[in-house]
Amino acid sequence: MNDGLDRFRAHLFHDEGLGFWLDTSRILWPEGFLDALEPRLQAAYEAMAALERGAVANADENRMVGHYWLRAPELAPDPAIRDAITSTLGRALTFVEDVHAARIRPERASRFRDVLLIGIGGSALGPQLVSAALGSPADRMRVWFFDNTDPDGFDRTLAAIGDALPSTLVVVISKSGGTKETRNGMLEAEAAYTRLGLDFAKHAVVVTGEGSALDAHAITRGFLDRFPMWDWVGGRTSELSAVGLLPAALQGLDVEDMLRGARVMDEVTRSRVTKKNPAALLAAAWLAATGGAGKKDMVLLPYKDRLELFSRYAQQLVMESLGKRLDRRGREVWQGISVYGNKGSTDQHAYVQQLRDGVDNFFVTFIEVLLDRAPRRGDVMVEPDTTSGDYLSGFLQGTRRALDERGRASITITLEALDAASLGALIALYERAVGIYAELVDINAYHQPGVEAGKKAAQAVIELEHRVLGALRAKAGTALSLAEVAEAAGNDDPETVFWILRHLSANPRRAVLRVRNQGDEAGSPLDWTWMMARAT
Ligand SMILES: O=P(O)(O)OC[C@H]1O[C@H](O)[C@H](O)[C@@H](O)[C@@H]1O
């Protein structure tokens with residue numbers, strides 16, 4: 001008898017068709033945990049089935065949750081939705097064929113060769129993951145991203161695109177069509193085309209909610225095309241809608257295979273037999289590891305460079321879905337699981353020291369890909385009979401063992417190979433695991449009420465900045481104290497006025513100067529005076 005092997009056997013899930021393995025043997029399952037959880041899991045399966053039948057699973061926003069229909073349109077509850085899914089996919093693929101065949105062409109170049117995707121959050125993270133995970137130098141098009149409102153970031157990406165801008169197709173993605181970072185990215189991109197004397201609209205398409213501000217803009221300006229986002233697909237689960245499929249297909253990736261992989265994973269994870277359902281096993285493992293109350297962080301460690309962005313992708317999926325103040329009964333629960341990680345073995349040389357020796361506030365998810373590299377002639381031997389891939393696998397196993405010796409929990413996901421289908425399956429697995437976990441802890445995984453506060457406060461800062469600029473302009477050439485600026489701006493929040501002035505004065509364009517009075521060196525920056533040198 002080998003206890004370790006029995007434990008491994010008992011907790012090893014394998015699906016031949018998917019080329020997928022899940023090992024939860026290194027979760028420290030409390031005695032009888034899964035049996036005790038079974039009734040709650042059965043309730044979760046029923047809730048997931050109801051959600052897939054079209055129940056309003058996102059009650060706060062009165063919305064259905066339909067990302068599973070994207071890869072199985074026949075399951076959608078009404079024919080209009082079914083048609084919307086299939087016709088949008090068909091239209092997107094035809095658009096891509098036309099771009100690749102240069103039937104849709106830029107204004108001045110012979111064909112589109114590059115793609116600039118502008119989006120943020122769920123409108124960028126999935127496309128970024130897929131692009132990095134599946135891309136190669138042989139791709140049909142190169143893909144670039146604007147995923148922020150950082151001016152230097154815009155400049156850096158535009159500089160990298162360089163002379164290729166006239167042959168670059170811009171894909172602006174925003175479900176709401178009102179996200180400022182994305183709007184700013186679009187306007188910055190437009191300015192770059194205008195500087196070259198090009199008509200931006202002839203180089204741009206949008207993926208957005210029908211009737212959104214972005215949609216209206218695309219219509220008025222005559223963009224090349226528009227693809228819809230629907231209110232029943234959440235941003236963080238939109239990778240298999242036009243949001244992810246359009247850029248992936250433009251890049252030349254096999255989107256049909258990605259959909260197929262997700263579809264098969266969905267079929268497997270619909271099982272109501274817990275030990276045959278890897279999404280349920282994953283959710284249950286998270287529950288056992290975190291106490292169902294976010295007590296431990298999820299450290300994602302794919303031993304594969306191509307999956308380096310998986311942790312960023314899963315970070316939004318898990319934390320925006322599970323990080324909730326209230327449960328569905330309105331009780332204050334402060335739920336969530338923190339997610340971080342990059343890739344192994346790289347991270348072994350960064351923070352694994354703490355994972356083994358330091359504070360025990362995490363569980364690791366190793367992600368392994370069995371096929372080391374695309375088959376090629378001859379493999380480099382780094383030592384007799386040893387490849388780099390043997391080392392990568394050895395390091396994963398070594399770290400898993402070293403953590404286990406210290407009683408530190410881990411899960412291991414193993415993919416036979418990394419390709420469009422297995423990536424689609426991995427995305428589908430995490431989508432459903434998050435859904436099941438949310439059922440187990442009774443929260444709404446599909447809204448994000450917490451992100452609004454920061455956006456509103458930011459808007460208030462921009463409005464105050466306009467008043468600050470007005471006050472400085474009215475007294476151009478005169479040095480004003482912080483209190484004087486704040487008063488003239490009609491604001492009783494001098495701290496925010498200080499932040500605004502400090503930022504304005506660091507950027508020469510508005511000619512706002514910091515004036516340090518003589519003898520002030522030792523004083524506080526809050527005693528500086530401020531002046532607009534000339535009215536700008
Ligand atoms: O696609 P968009 O509407 O532009 O939204 C982009 C992102 O912004 C928001 O802040 C949400 O919290 C995310 O869930 C969303 O993915």
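## Exercises on a predicted model

For "active site", the unreviewed UniProt entry lists Glu-320, His-349 and Lys-455. These positions span 136 residues of sequence and are also spread in space, with up to 36.9 Å between C-alpha atoms. The structure examined here is a predicted model.

**Exercise 1.** Determine whether Glu-320 is buried or exposed, and state which residues it touches.

*Solution.*
1. Locate the residue: Glu-320 belongs to helix H11, which covers residues 310-322.
2. Apply the cut-off: a residue is buried if 20 or more other C-beta atoms lie within 10 Å of its own.
3. Glu-320 has 22 C-beta neighbours inside 10 Å and therefore counts as buried.
4. Leaving aside residues up to four places away in sequence, Glu-320 touches Arg-236 and Gln-448.

**Exercise 2.** Carry out the corresponding classification for Lys-455.

*Solution.*
1. Lys-455 is found in helix H15, residues 452-474.
2. The criterion for an exposed residue is 12 or fewer such neighbours.
3. Because Lys-455 has 12 C-beta neighbours inside 10 Å, it counts as exposed.

**Exercise 3.** Describe the six-stranded sheet and explain why E1 and E9 stand at its edges.

*Solution.*
1. The sheet is open, its strand order is E1-E2-E11-E10-E8-E9, and its pairing is mixed.
2. Strand E1 (12-15) and strand E9 (339-340) each have a single partner strand, so one side of each is left without a neighbour in the sheet.
3. Elsewhere in the sheet, E8 (residues 297-302) pairs with E10 (residues 362-369) in the parallel sense over six bridges.
4. Within E10, Ile-367 is the bridge partner of Pro-302.

**Exercise 4.** Identify which residues other than glycine, among them Asn-62, have a positive phi, and classify their exposure.

*Solution.*
1. Asn-62 has a positive phi of about 55° although it is not a glycine; it lies in the loop between helix H2 (33-52) and helix H3 (79-100).
2. With 8 C-beta neighbours inside 10 Å, Asn-62 counts as exposed.
3. Trp-334, in the loop between H11 and E9, has a positive phi near 45°.
4. Trp-334 is likewise exposed, with 11 other C-beta atoms within 10 Å.

**Exercise 5.** Characterise the shell of residues around the ligand.

*Solution.*
1. The ligand is surrounded by 14 residues, the closest being Gly-121, Gly-122, Ser-174, Ser-176 and Gly-235.
2. By class, this shell contains two nonpolar, nine polar and three charged residues.

Notes. Residues are numbered from 1 along each chain as its sequence is written. This is a predicted model: local features need pLDDT of at least 70, side-chain atom pairs count only at pLDDT 80 or more; totals for chains, interfaces and linings use all residues. A residue is near a molecule or strand if its C-beta atom, placed from the backbone, lies within 6 Å of it. Ala, Val, Leu, Ile, Met, Phe, Trp, Tyr, Cys and Pro count as nonpolar, Asp, Glu, Lys and Arg as charged, and the others, Gly among them, as polar. UniProt positions are given in the numbering used here, feature names are shortened, and annotations may be inferred rather than shown by experiment. Helices (H or I, at least four residues) and strands (E, at least two) are DSSP runs, numbered from the N terminus. Two residues are in contact if their C-beta atoms, placed from the backbone, lie within 7 Å. Two strands pair if DSSP finds at least two bridges between them.
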